Amino acid sequence: MPEFNIRSLLKFAAIALLWLALSWLASGWWMAHKVDTLARHLQNDLDAKARYQTQQISDYLLRTRHVPASLGGEPTVLAALRSSAMIEESMTLPREERQRRWSENPEHREINEYLAKLTRYTTTSVIYVLDATGKCVLASNAGKATSFVGSDYRTRKYYSEAVAHGAGYQYAMGRITNMPGLYFSSAIHDGEVVLGVAVVKVNLDDLSPWIREAESLLVDEYGVIVQAFDPRWELRVLPENVVEQLSPDRRIERYKVKDFARLTISPWREGRHPLLHRMTDHSSPMLISSVALAHGLRLIASYDAGYLLQSHLAERVSTFAAFSVSGLLVLWLLAWRGSVARTRQRNQRDLMDSEERLRRAQAVAHVGSFDWDPVSGRLSWSDEHFRLWGHEPGTLEPTYEMFRQGVHPGDVARVEAALADAVEGGRYYDLVHRVIRPGGEIGYIHGIGEVIFDDSGRAVRMIGTVQDITSQRAHEEAANEARHRFQRLVEGIGERFVIFSHGTDGQLTFVSKGVESVFGVSQAELLGANWGDAVAWSPGTLERVAEGHRKLLGGELRYLELEMAFTHPDGGERTIRINEHLVRDDAGGARSFDGLVEDITVASAIKRELESAKEAALQSAAAKSAFLANMSHEIRTPMNAIIGMLHLVQETELTGRQRDYLGKARYSAENLLGVLNDILDFSKIEAGKLDLEDIPFALTDVVGNLVNLIRMKAEDKGVDIAVRIGNEVPRALVGDPARLGQVLINLGGNAVKFSASGGTVTLTVALQEENEGDVLLHFSVRDTGIGISKAQLAQLFEAFTQADSSTSRKYGGTGLGLVISKRIVDMLGGEIWVESELGAGSTFHFTARFGKHAADDLKAAPIEGGEPDVAAAIRGLHGAKVLVVEDNPINLELVTELLAMHGIETRTAGNGQEALNVLAAESFDGVLMDCQMPLLDGYQATRAIRQRPDLADLPVIALTANAMKGDREKAVAAGMNDHIAKPIDPDRLFVTMAKWIRPA
């Protein structure tokens, strides 16, 4: 076919393709218009359907919300919540016992059956009733394994909102059912008093029929999808979510997950079909409709609109065919026009493009080319060759002298010799040499050339290339340096270390020089040998190594670390630590095991000695703890008798002088008890056994207790007490109130002790720092006493010291109060210091960190204080019958006399077995039980009492000299209701007894 015809056909083909493209675009525009029109109609239908489904869900939730409110008028529910026995059980019994008792209660069962029927009628998940403390009393699922009865829900948002505002709502995951749901709550009132809260839970699965029918997503107020017609999208978040506002703990509590995948809803195609959207993990276009529900919920309805695009494809094809056929008929008439000159232009352009590509390839690869005539000296260079010699292309005419000047002077002789060999018959030129560019930069060049000879054997032409290998040469030098550095490291690593490499068959291919000192075997003996054959390993060692290699080969371990023992050729036992890893080849196959051996024989011996010393220290600490507990018991028992008998004598008729003598004796005995407590506290601090509690408390309670304790001593000395608490200081805190009180009592007691008549002691509390979850408080206790000199301040917080040793004779004390205070303040996250001047008083400062209580509603006592209502407690105990179990005759007499003086009838027993015998014959309202007794101690006796069904609820209170940390918990674990430590405080004794004992 003539060239002219080919050009014409090509031109026709190009125009035809353009026309086909325009025809296709026109048909596409027409189809898109029709798709968008239909999509608008479908969108209207979807919006109506979404609004209908939203109204259905809203009506259902509105009906559900009225269910808990209706329970507030049920007489049986009100009666159950008013039950005093149930209220007491709610406060004292553990969850399992509460669940058992309340589930077995016939009246409760009847209400629970009613709630179960109500649940089925209202198509809800579960309906339950909480008492005023947040514990579940009644539930529609009481008879099921997932029963809520007895569980504590006071931390739930729907509970706190109902108590505070009368009604509440919360989305949450069920703690027992582990199912997500919507919770609606309503407070149950008895007049103005909140008796409890009624709650109804709607499982999100109950909404699934509406969700599936509309192919919808249910989104909560944080942008989290809590229910979806496609389960893959549940617990994903929309782009506009605010779930990050919740802490990780709150997210886990609310959704059982901490991190969320994202569900994106974006336009299906930018600029086209504005109503169609694309959703994550869904390949078809979707129509979307979003409608708001109550409580921050939102319903997002969807519709798969994929068929819209598919159904109109045939119509587009037919339209395209009509346009294209008509246009092609016209184009065919113009197909024979062309030009031969155009073909030439195209060929010329192709040649130029080919040369440009070659030039660019040379520039990228830093490769230049040359053509040299050895006879005439004529030389031709490519552009990149110029650049390699440091010249701009085309600025100079290349000559042999120019080439020679660019070669580094140290390499000129080698280059000329190589060129001469090639020209004189060698044919090929291949040499690496240096070049020095005009700016002084030195590079490395790899030149390659081939000589062309004529028929007479004369060289007439050399054609070749030059490549810049400077970077490659630098990498090779760096690799050589790294290799030499590794060799130096291996040779100088030391005599305790060995670097090795062996194949998967165990054959050693490399070992460093240290092998001779560690294993007593030379390098030559080990190379090519097997570890197992060359070293006398301890039994079982090679099996452990083989198991480790198996795990390395299987990918279970990244590296292997073992301690191994062997017998040295000198007869001694040695221990090594081996660390090795698997080296793989480029194909992923196992090539070798490389690693490091360290001789740890000496370190292992030291480790064994340290472990032995640690064990001895632990045994010594255990013996010390046992001694402290025994010493505490042995001292508190007679101290109880001394202080108690003095109390009894003071209750009798006495002369003024006798009462004064007895008061001083009791004061001295209580001071002696304080000394004992200081010594025991200091010992526990030194042993690291002093623990802090973390409980809610009122700051004013602690301060009020301090004022009550030091007021009498201050009034006797004529010292005033002042308290200043800043308005910004939170009153409701979380921490250890007992230890805070101990520090304040130590500092306050010292301030009163060292102040003269007419002086003042001032306690100040200020807020120093406040964070989201805690506060740092600044306490200061100022006195107007004798003061402390600068020399004495240095040793003030040291154990068993006072500012002046002579003060111990005048003022008394162990010297432990301040050191104990300092240790406690350290544990509270603060620091303690003092400002003082001799003769001008002192100010003791300390800081302490406490948590902030969530609800500032703790019932705090006023600062001026007030003792517990002891008189009311004694009146409530009048006529009670109590069994006193005590093996010490004096303490037994003390307790019985003290109880008899206040109208309480007593019986006595000398040990646990006698107590069981008496309880088998008589009935009692309560038992005061000593813990350490012969034959059968108090713990064993209490367990035996609890095994008898008729005595299971009998109040048993420990009355014991066991006052160490953990003794109260031990008593409660044995079945006792409470714990009173000796020496006995009569007021505390009566208040504690009244808490548990009710006269028959």
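Threonine 575 touches Met564, Ala565, Glu598, Asp599, Ile600, Thr601 and Ser604, with residues up to four places away in sequence not counted; contact means heavy atoms within 4.5 Å. Threonine 575 lies in strand E21 (residues 573-584), where helices (H or I, at least four residues) and strands (E, at least two) are DSSP runs numbered from the N terminus. At 18% relative accessibility, threonine 575 counts as buried; buried means under 20% relative accessible area, exposed over 50%, and partly exposed in between (1.4 Å probe, protein chains only). The model is predicted, and local features need pLDDT of at least 70, side-chain atom pairs count only at pLDDT 80 or more, and totals for chains, interfaces and linings use all residues. Residues are numbered from 1 along each chain as its sequence is written, and side-chain values use heavy atoms, with hydrogens and water left out.

In helix H14 (residues 412-426), the buried residues are Val412, Val415, Ala418, Leu419 and Ala422. These residues cover an arc of only 140° around the axis, which puts them on the same side of H14; the arc is that of the directions from the helix axis to the C-beta atoms. Ala413, Asp421, Glu424 and Gly425 are exposed on the other side of H14. The cover over the buried residues of H14 includes helix H13 (400-406) and strands E12 (367-372), E14 (428-436), E15 (442-453) and E16 (459-468).

Threonine 123, with phi near 50°, lies in the loop between helix H5 (106-122) and strand E1 (126-131). Its relative accessible area is 47%, so threonine 123 is partly exposed. Lysine 256 has phi near 70° and is found in the loop between helix H8 (248-255) and strand E8 (265-269). Lysine 256 is likewise partly exposed, with a relative accessible area of 40%.

Helix H3 (residues 84-92) packs against helix H4 (residues 95-104) at an angle of about 160°, the axes being 9 Å apart. Axes are lines fitted to C-alpha atoms, for helices over the stretch in contact, and angles run from 0 to 180 degrees between N-to-C directions. H3 and H4 are therefore roughly antiparallel to each other (angles over 145 degrees count as roughly antiparallel). The contact involves Met86, Glu89 and Ser90 of H3 and Arg98, Arg101 and Trp102 of H4.

Technical notes
Angles under 35 degrees count as roughly parallel, over 145 as roughly antiparallel, 65 to 115 as roughly perpendicular and the rest as oblique.
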